[in-house]
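Subject: Structure handover

Hello,

Here is the structure you are taking over. My notes on what was found in it follow below.

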Amino acid sequence: MTHHICWTELHARDRAKAMNFYTELFGWNFTSIPKDKGTYEFTAITPEPGAGFLEGDGGWMPYVDVEDLAASTGRAVELGATVLAGPLPFDAGHYVMLRDPDGNRMGLIEAAKPA
């Protein structure tokens with residue numbers, strides 16, 4: 001597995017303002033999906049959805065694909081990361097949100113295994 005960045009989110013203090021900026025700059029179009037705590041917006045950076053936009057404390061957050069979420073999370077903690085949330089389910093698998101030793105946020109995603 002290459003452990004590539006498979007998703008990214010912008011946790012924007014003003015989501016509407018951020019979405020307008022990226023629409024004007026890149027011509028991105030957004031699709032809304034309802035969530036428990038409001039609406040989640042996503043855009044297709046490539047032909048597939050590639051970035052989510054939600055309210056938050058500001059900043060981009062990359063998600064890296066992993067084969068074994070528990071093992072990768074454990075290794076990250078051993079190396080000084082802090083678990084912020086998870087593991088949590090979503091429609092394509094499970095994820096964990098971390099803060100690395102330098103204070104940067106990142107996520108790990110383990111895709112659902114085919115049945």
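Aspartate 57 is a reasonable place to begin: with a relative accessibility of 47%, aspartate 57 counts as partly exposed. Please keep in mind throughout that this is a predicted model.

Salt bridges

The salt bridge count comes to four. Three of them are described here, starting with the one that involves aspartate 57.

The side chain of aspartate 57 meets that of arginine 105 in a salt bridge, at 3.3 Å from N to O. Aspartate 57 sits in the loop between S4 and strand S5 (60-65), while arginine 105 belongs to strand S8 (residues 105-111), so this pair ties together parts that are 48 residues apart in sequence. Arginine 105 is buried, at 15% relative accessibility, whereas aspartate 57 is partly exposed.

Glutamate 55 and arginine 15 form another salt bridge, with 3.8 Å between the closest N and O atoms. This pair links distant parts of the chain, since glutamate 55 is in strand S4 (residues 49-55) and arginine 15 is in helix H1 (residues 15-26), 40 residues apart. Glutamate 55 is partly exposed, with 45% relative accessibility. Arginine 15 has a relative accessible area of 15% and is buried.

A further salt bridge joins glutamate 78 to arginine 75, and here the closest N and O atoms are 3.2 Å apart. Both residues lie in helix H2 (residues 69-78), three residues apart, or about one turn of the helix. Glutamate 78 is exposed, at 61% relative accessible area, and arginine 75 is partly exposed, at 46%.

As background, side chains of opposite charge can pair when their charged atoms come close.

Helix H2

Which residues of H2 are buried? They are Leu69, Thr73 and Ala76. These residues cover an arc of only 60° around the axis, which means they are on the same side of H2. Ala70 and Glu78 are exposed on the other side of the helix. What covers the buried residues of H2 includes strand S6 (82-90), strand S7 (93-99) and S8. S8 is also the strand that holds arginine 105, the partner of aspartate 57.

Both ends of H2 have a feature to record. At the start of H2, a side-chain oxygen of aspartate 68 comes within 3.2 Å of the backbone nitrogen of alanine 70. Just after H2, glycine 80 has a positive phi of about 110°.

Threonine 8

Threonine 8 is part of strand S1 (residues 5-12). Is threonine 8 buried or exposed? With a relative accessible area of 16%, threonine 8 is buried, the cut-off for buried being under 20%. A polar atom of the threonine 8 side chain lies 3.3 Å from the backbone oxygen of methionine 61. Leaving aside neighbours within four places in sequence, threonine 8 is in contact with Gly50, Ala51, Gly52, Trp60, Met61, Pro62 and Tyr63.

Phe21, Leu25 and Phe26 make a nonpolar surface patch of about 320 Å². Phenylalanine 26 is in helix H1, the helix that also contains arginine 15. The relative accessible area of phenylalanine 26 is 49%, so this residue is partly exposed.

Phenylalanine 90 is in strand S6 and is partly exposed, with a relative accessible area of 31%. Not counting residues up to four places away in sequence, phenylalanine 90 touches Tyr95 and Ile109. Phenylalanine 90 and glutamate 55 are 35 residues apart in sequence, and their C-alpha atoms are 18 Å apart in space.

Aspartate 91 lies in the loop between S6 and S7. At 78% relative accessibility, aspartate 91 counts as exposed. The C-alpha atoms of aspartate 91 and arginine 15 are separated by 23 Å, and the two residues are 76 apart along the chain.

Regards

Terms used
Residues are numbered from 1 along each chain as its sequence is written. This is a predicted model: local features need pLDDT of at least 70, side-chain atom pairs count only at pLDDT 80 or more; totals for chains, interfaces and linings use all residues. Side-chain values use heavy atoms; hydrogens and water are left out. Helices (H or I, at least four residues) and strands (E, at least two) are DSSP runs, numbered from the N terminus. Buried means under 20% relative accessible area, exposed over 50%, partly exposed in between (1.4 Å probe, protein chains only). A polar contact is a pair of N or O atoms within 3.5 Å; within protein, one must be able to donate a hydrogen and the other to accept it, and residues adjacent in sequence count only if both atoms are side-chain atoms. Contact means heavy atoms within 4.5 Å. The arc is that of the directions from the helix axis to the C-beta atoms. Patches are made of residues with over 30% relative accessible area and no salt bridge: like charges are joined within 9 Å, nonpolar side chains (Val, Leu, Ile, Met, Phe, Trp, Tyr) within 5 Å. Accessible areas come from the Shrake-Rupley method with a 1.4 Å probe; for residues, only the protein chains shown count as cover.
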